[in-house]
Amino acid sequence: MAKSPPSKPLLTVEKPVRSRPRKPRDPAQPNLPLDPMPDRVEPCLALLKPRPPKGPQWAFEVKWDGYRLAVHIEPTGVRILTRGGHDWSHRFPLIEAAARALPVTTAIVDGEAVVLDERGRSDFGLLQQSLGGRGGKKISSDAIFMAFDLLYFDGHDLTKSELDVRRHLLEDLVPAGRQGDIRLSEEIEADGDQLLASACEHGLEGIIAKRRDAPYRSGRLGDWLKIKCVQSNSFFVVGYERSAAARRQMASLLLAARMGDDLVYVGSVGTGFKESDISELRGMIDTITRKTPPLPYSGARKNVIWLQPTLIAEIEYRAWTEDGKLRHASYKGLREEQDSAVVYEIGAA
């Protein structure tokens, strides 16, 4: 077989053909013609919608119930950052070790730390227990990382690339079916309505829809949508009602949402507590009591102890009443400050 002829210059010019000089290489990122690796990327957040969108431009995944994290794989090591930018590498040593083992020099992987129950469903309460509760300092040996996006890969910024491109590279890095401490949040090919019905039937929190052609944009801009089986949001704990049966026990927590710069009372929650939840709350609330309500309140509850609005609770509920209160509320746990939980805002999209 004849050899290929030697290549010839494609352009004929009077001056010698020379490449423009490259920029100096960053020694911390060897062997790559590089985009600078960002210290942190503000996460893309999902916008809540009542129904799944239609059309081939949407990709669907399971909605995971845990802590949003970004895993930074750098030449000097691995950093695991919370949504608020706090370094929690020491809290998830198994995820950190799994990240070190990935076949990549530099990367930023977006995903969710979760603890799965016996049926393979993510359980926010189990994740909190594994970390020692809100404000706890425990190291989690149960959490795994569900990876669902790739923002930076071997020296290349992928945030301007379409989701399909990012997912293709992510699936090479974290193959589907992998059962280690870092796993792929797999895309599910299904009609959105059918997938949501199946997710609800299996006791999942809901589904996520993502535009296939969208770049990665920080904030809650509608490129990603969340559709929940049961509504769940974060609310301030502004007080508690003492139990008539036991003076130092709590019958319910009083909750508030934001309305602009003000707080609005949205009802109470008296179910969903475990013994450990009661103990955790008792250890916190005695230091934040106050004599007057931190918001307008005209209710008839007795034995109410008011609190500074510093604790944020995750609450499940079925609907809103006509007078703006939560219906069938159930306590899920306290959010961490480092998780940068967004308190529900009345009137927001």
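**View 1. Strand 2 and strand 9 pair in the antiparallel sense over five bridges.** Pairing here calls for at least two DSSP bridges between the strands, and helices (H or I, at least four residues) and strands (E, at least two) are DSSP runs numbered from the N terminus. Look for Glu 61, which stands opposite Ile 208 in strand 9. Strand 9 also pairs with strand 10, again in the antiparallel sense over five bridges, and there Ile 207 stands opposite Ile 227 of strand 10. Five of the six residues of strand 9 are buried, so the rest of the structure largely encloses this strand. Buried means under 20% relative accessible area, exposed over 50% and partly exposed in between, with a 1.4 Å probe and protein chains only.

A word on the model: it is predicted, with local features needing pLDDT of at least 70 and side-chain atom pairs counting only at pLDDT 80 or more, while totals for chains, interfaces and linings use all residues. Residues are numbered from 1 along each chain as its sequence is written, and side-chain values use heavy atoms, leaving out hydrogens and water.

**View 2. Helix 4 (residues 192-201) has Gly 192, Leu 195, Leu 196 and Ala 199 buried.** Seen down the helix axis, the buried residues fall within an arc of 100°, so they line one face of helix 4; the arc is that of the directions from the axis to the C-beta atoms. Their cover includes strand 2 (58-62), strand 9 (206-211) and strand 10 (224-228). On the face turned away from the buried side, you will find the exposed Gln 194 and Glu 201. After the helix comes Gly 203, whose phi is positive, near 75°.

**View 3. The largest nonpolar core has 31 residues.** Such a core is a set of buried Ala, Val, Leu, Ile, Met, Phe, Trp, Tyr and Cys residues joined through side-chain atoms within 4.5 Å. Those with the most contacts inside this core are Val 71, Phe 92, Val 109 and Ile 182. A second, separate core of 24 residues includes Leu 255, Ile 278, Leu 281 and Leu 307.

**View 4. Tyr 265 and Tyr 297 form an edge-to-face aromatic pair, 5.1 Å centre to centre with 90° between the planes.** Rings of Phe, Tyr and Trp (its six-membered ring) pair if their centres lie within 6.5 Å; planes under 30 degrees apart count as stacked, over 60 as edge-to-face and the rest as tilted. Tyr 265 is buried at 13% relative accessible area, whereas Tyr 297 is partly exposed at 22%.

Notes
Contact means heavy atoms within 4.5 Å.
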